Amino acid sequence: MKNTWITFRSVTPAQRGETVLRRNGLSCILRRTPRWMQEKGCGYSLQIRTINTEVCIRLFRENNIEFKKVYLIRDNGSAEEMTL
Amino acid sequence: MIYLDNGATSYYKPDSVKRAVLWAMENCANPGRGGYEQSNKAAHVVLGCRDRASRLFNCDPEHVVFTSNCTHGLNIAIRSLIKPGAKVLISGFEHNAVLRPLVDIGVKLSIAATKLFNWDDTLSSFEKFLRQGVDAAVFTHVSNVFGYVLPVEEIAELCKYYNVPFVIDAAQSAGSQKISFGDLGADFIAMPGHKGLLGPQGTGLLLCKDMCEPLLFGGTGSMSAETSMPDFLPDRLEAGTLNVPGIAGLSAGLAHLLQVGTDKICSREVRQADICAEGLKELGVQVFDGEHRSGTVSFVSKMDCEELAQLLSDMGIAVRAGLHCAPIAHRSVGTFNSGTVRVSFGLDASPIQSKRLLESLNKIKSKRKIL
C-alpha cells in the first residue's frame, strides 16, 4: 500500500512530530530511517498515509519541528523523494 | 530522621519518582538507538521529561539537555562561552562548581555583590563591573550557603543591556523559585535533577541556546556517518547512553512540581526557615537572615560548626556544616574561618522539623552550657 516517510535527523524531532500528529488525530508510525534514505547515518522517520502528507508537513512547520526529507513509497516498493 | 540538608540533595522524593525509576529499569532499552518497543519506550520517557522541563522553565524541549548533575552542566556552559584570558564577572556567593572551572580555564575574575540580602548593593555592584566591560557573567540564583535569593531577573536585564553573555547556576532554585529561560534570556541555565526537581542523584538539566560546545564526544544515535558531533541540540551535548532510569525519575519529579506548583513549595520552605531563624536568634547564635532569603538558613555558634552538626546528627537531625564547597561565599560574609551550620528545608518542610531542631539545640545548650 502506498505510504509516505518523513525523515528526521534524530529521535527527538521525530517524536515531537509523532506527538503533534497524534494530537491532531493523524496516525503515524515511528520507525528507524532505512539506511538508503540517510545521507549522514542513523535517524528516525514517521511513516504516514500519503493522503495526509500535506497536512502533516503543515503541522510540522507550524510547530517548528524540523524534518529532513519526504519519500513516497509506491505499492510496488519503488520510492521517490518528493519535492515540497 | 529530621532531614534538613535539602541544599545537598532532596532526601524525601514522591513515591511516583521511585516507581518511575523501577519501571524504566524493567521496561526501557537504549533511547534513540533502535526501532523496537523497548528503545521507543525509553525515547518516550526521555522526550516526556524534556517536555515537562520545557513547561516548567518556559523553553523549547530540544533546548533541554540532560547532564549528570549541575556541575556537569556548568562545565559545558562555562567552556562553551569562556576562553582563556577572558574577563568574567561572578557574584560573591558562587559555588566551586562555578569557580573551579573558571580558574582552570584561566580567566580574569571580577567579584560583584558581597553583601547578603541587599538587592540594591547587588545590582549596583553588578552594573559597575558590567559597565567597565566583561566578556561573560556567571552567577548563582540562590546562595547555597546563606539562601540569599539574588535578583536574577534584574541582573539578566543588565547583562542584556551591556550585551554580556551569561550563565545562571540554578542549583538551589530549580523547583522552588520561578525560572523562565525564555524571559531571562540567559545563554545557559544549569540545575541538578536531584535537589528541588526531586529526581534521583546522577541527573541534571542544562537549558541552553544554540551556541554550545560539547564536553563529551561520542555516539548520539544520530548523524552516525559524521566524525564530528551533530550541530543541533540536544544531540550535540548528549554523547553516550543517557541515564534513562534517572530521567524517568526526574520526569516524575517534574510532574509533581507542575502539579503542586513551585510557589507553594517555596512558601512552605520559607515559612519554616523563618520560624527556624527566629528560634535560632532566641538561642543567641549568629543567624544570617534578611529579606530575599530562601528556605535555607545558616548560623554560627560558639561551638565548632562540624562538632555541632555531629551532635545534631546524633540526635537524629541532618544538617550540613563547614564551607559547603563555597569558599567565596564564606569570604564575602566573613565566615571563612568558622564555617557555618546550614539548615535547608525541602518539599516536606513542616513545623515539626523546626520544632525538633530548636528543641535539640536547646538541649545541647543546656547540657554544654554553650552554643
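Reader: Is B:G284 buried or exposed, and why?

Author: A residue is buried if 20 or more other C-beta atoms, placed from the backbone, lie within 10 Å of its own, exposed if 12 or fewer, and partly exposed in between. B:G284 has 11 C-beta neighbours inside 10 Å, so B:G284 counts as exposed. This is a predicted model, where local features need pLDDT of at least 70, side-chain atom pairs count only at pLDDT 80 or more, and totals for chains, interfaces and linings use all residues. Residues are numbered from 1 along each chain as its sequence is written, while chains are lettered from A and ligands numbered from 1 in the order in which they are written.

Reader: Where in chain B is B:G284?

Author: Helices (H or I, at least four residues) and strands (E, at least two) are DSSP runs, numbered from the N terminus. B:G284 sits in the loop between α9 (262-283) and β9 (286-288) of chain B.

Reader: Which domains does chain B have?

Author: Domain bounds come from an automatic or database domain assignment. For chain B, this gives domain 1 (2-10 + 262-368) and domain 2 (15-260). Their C-alpha centres lie 27 Å apart.

Reader: How many residues does each domain of chain B give to the contact?

Author: Two residues are in contact if their C-beta atoms, placed from the backbone, lie within 7 Å. Domain 1 of chain B gives 31 residues and domain 2 of chain B gives 31 residues. On the domain 1 side, α9(B) gives the most, with six residues.

Reader: What about the two chains?

Author: Their contact takes 18 residues from chain B and 13 residues from chain A.
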